[in-house]
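Here are my notes on this one, as numbered points. Have the structure open while you read.

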Amino acid sequence: MPSGFGQAEADLLKREGGLNPNDAGRGPTNRGINQAANPDVDVRNLTPDQTRDLYRDRYWNPVVTGDMSRPMQNVAFDTSVLMGPEAAKGLVGQANGDPSKLLQLRDARLRGIGQE
(Lines give C-alpha, C1' and ligand atoms only; values in the text may rest on other atoms or scores of the structure.)
Protein backbone atom coordinates (compact mmCIF):
# COMPACT_ATOMS: atom_id res chain seq x y z
CA MET A 1 0.00 0.00 0.00
CA PRO A 2 1.42 3.42 -0.90
CA SER A 3 2.32 5.89 1.83
CA GLY A 4 -0.13 8.64 2.68
CA PHE A 5 1.72 10.98 0.34
CA GLY A 6 2.04 8.37 -2.41
CA GLN A 7 -1.67 7.61 -2.36
CA ALA A 8 -2.66 11.27 -2.19
CA GLU A 9 -0.36 12.07 -5.10
CA ALA A 10 -1.79 9.21 -7.18
CA ASP A 11 -5.34 10.37 -6.42
CA LEU A 12 -4.50 13.98 -7.28
CA LEU A 13 -2.87 13.05 -10.57
CA LYS A 14 -6.12 11.36 -11.62
CA ARG A 15 -7.77 14.79 -11.47
CA GLU A 16 -4.90 17.07 -12.46
CA GLY A 17 -4.14 16.59 -16.10
CA GLY A 18 -1.33 17.89 -18.17
CA LEU A 19 -0.56 21.39 -19.29
CA ASN A 20 -3.19 24.13 -19.24
CA PRO A 21 -1.53 27.04 -21.06
CA ASN A 22 -3.57 29.72 -19.28
CA ASP A 23 -5.25 28.61 -16.06
CA ALA A 24 -7.89 31.18 -15.08
CA GLY A 25 -5.79 33.98 -16.57
CA ARG A 26 -2.87 33.23 -14.25
CA GLY A 27 -0.54 31.65 -16.78
CA PRO A 28 0.34 28.03 -17.38
CA THR A 29 -0.44 25.20 -14.99
CA ASN A 30 0.85 21.67 -15.29
CA ARG A 31 -0.45 18.86 -13.08
CA GLY A 32 -1.98 21.49 -10.81
CA ILE A 33 1.28 23.41 -10.35
CA ASN A 34 0.69 27.00 -11.40
CA GLN A 35 3.45 29.19 -12.83
CA ALA A 36 2.24 32.28 -10.96
CA ALA A 37 2.50 30.49 -7.61
CA ASN A 38 5.85 28.91 -8.56
CA PRO A 39 7.77 31.52 -10.56
CA ASP A 40 11.04 29.63 -10.08
CA VAL A 41 9.69 26.53 -11.85
CA ASP A 42 9.36 25.85 -15.58
CA VAL A 43 5.90 24.33 -15.24
CA ARG A 44 5.57 23.73 -18.97
CA ASN A 45 8.37 21.16 -18.83
CA LEU A 46 7.82 19.48 -15.46
CA THR A 47 8.96 15.89 -15.21
CA PRO A 48 7.10 13.40 -13.00
CA ASP A 49 10.00 13.45 -10.50
CA GLN A 50 10.02 17.25 -10.35
CA THR A 51 6.25 17.24 -9.90
CA ARG A 52 6.49 14.74 -7.04
CA ASP A 53 9.19 16.81 -5.30
CA LEU A 54 7.18 20.02 -5.67
CA TYR A 55 4.02 18.36 -4.38
CA ARG A 56 5.84 16.99 -1.36
CA ASP A 57 7.96 20.03 -0.51
CA ARG A 58 5.56 22.86 -1.30
CA TYR A 59 2.08 21.43 -0.88
CA TRP A 60 2.19 18.31 1.35
CA ASN A 61 4.81 19.04 4.01
CA PRO A 62 3.55 22.52 4.94
CA VAL A 63 -0.06 21.34 5.46
CA VAL A 64 -0.35 17.61 6.16
CA THR A 65 0.51 16.10 9.54
CA GLY A 66 0.99 12.49 10.56
CA ASP A 67 -1.88 12.59 13.02
CA MET A 68 -4.44 13.30 10.26
CA SER A 69 -6.59 10.46 8.98
CA ARG A 70 -5.86 9.35 5.42
CA PRO A 71 -9.05 10.97 4.11
CA MET A 72 -8.11 14.23 5.83
CA GLN A 73 -4.57 14.02 4.43
CA ASN A 74 -5.96 13.59 0.91
CA VAL A 75 -8.34 16.53 1.15
CA ALA A 76 -5.77 18.75 2.87
CA PHE A 77 -3.20 18.01 0.16
CA ASP A 78 -5.70 18.57 -2.64
CA THR A 79 -6.75 21.85 -1.00
CA SER A 80 -3.11 22.91 -0.72
CA VAL A 81 -2.53 22.35 -4.43
CA LEU A 82 -5.83 24.02 -5.33
CA MET A 83 -5.62 27.08 -3.08
CA GLY A 84 -2.03 27.25 -1.86
CA PRO A 85 -0.60 25.97 1.40
CA GLU A 86 -1.35 29.06 3.49
CA ALA A 87 -5.04 29.06 2.61
CA ALA A 88 -5.16 25.29 3.10
CA LYS A 89 -3.59 25.53 6.57
CA GLY A 90 -6.25 27.99 7.66
CA LEU A 91 -9.09 25.82 6.39
CA VAL A 92 -7.55 22.64 7.85
CA GLY A 93 -7.45 24.36 11.25
CA GLN A 94 -11.13 25.23 10.99
CA ALA A 95 -12.12 21.72 9.89
CA ASN A 96 -11.04 20.06 13.17
CA GLY A 97 -9.94 16.86 11.46
CA ASP A 98 -13.16 16.40 9.47
CA PRO A 99 -12.50 16.00 5.73
CA SER A 100 -16.16 16.65 4.87
CA LYS A 101 -16.03 19.92 6.80
CA LEU A 102 -12.80 20.84 4.99
CA LEU A 103 -14.52 20.26 1.64
CA GLN A 104 -17.44 22.44 2.72
CA LEU A 105 -15.12 25.23 3.88
CA ARG A 106 -13.13 24.99 0.67
CA ASP A 107 -16.23 25.10 -1.50
CA ALA A 108 -17.58 28.11 0.40
CA ARG A 109 -14.28 29.91 -0.04
CA LEU A 110 -14.16 29.13 -3.76
CA ARG A 111 -17.72 30.40 -4.22
CA GLY A 112 -16.78 33.59 -2.38
CA ILE A 113 -13.72 34.30 -4.51
CA GLY A 114 -15.82 35.57 -7.41
CA GLN A 115 -17.92 37.76 -5.11
CA GLU A 116 -15.10 39.92 -3.72
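1. Let's start with two rings. Phe-5 and Phe-77 are both buried. Keep in mind throughout that this is a predicted model.

2. Phe-77 also has Trp-60 as a ring partner: the two centres are 5.6 Å apart and the planes sit at 70 degrees, past the 60-degree cut-off, so I'd call this pair edge-to-face. Trp-60 belongs to helix H2 (residues 48-60) and Phe-77 to helix H3, so to speak a link between distant parts of the chain, 17 residues apart. Trp-60 is buried, as is Phe-77.

3. Now the aromatic tally: there are four aromatic pairs. For Phe-5 and Phe-77, the ring centres are 5.9 Å apart with the planes at 65 degrees, so this pair is edge-to-face. Because Phe-5 lies in helix H1 (residues 4-15) and Phe-77 in helix H3, the pair ties together parts 72 residues apart in sequence.

4. The largest pocket has a volume of about 540 Å³. It is lined by 21 residues, and those closest to its centre are Asp-23, Arg-26, Val-81, Leu-82 and Met-83.

5. Where does that lining come from? Strand S1 (19-20), helix H3 (70-83) and helix H5 (99-113) each contribute at least two residues to the lining of the largest pocket. H3 gives the most, with four residues.

Definitions and conventions
Residues numbered from 1 in each chain as written. Predicted model: local features only at pLDDT ≥ 70, side-chain atom pairs only at ≥ 80, totals over all residues. Heavy atoms only, no water. 1 Å grid on protein atoms, 1.4 Å probe; cavity = no way out; pocket = protein on both sides within 12 Å on 5 of 7 lines; lining within 4 Å. Points joined across faces, edges and corners; volume = space filled by probe spheres on them. Phe/Tyr/Trp six-rings, centres within 6.5 Å; stacked < 30°, edge-to-face > 60°. Buried < 20%, exposed > 50% of the residue type's maximum accessible area, 1.4 Å probe, protein only.
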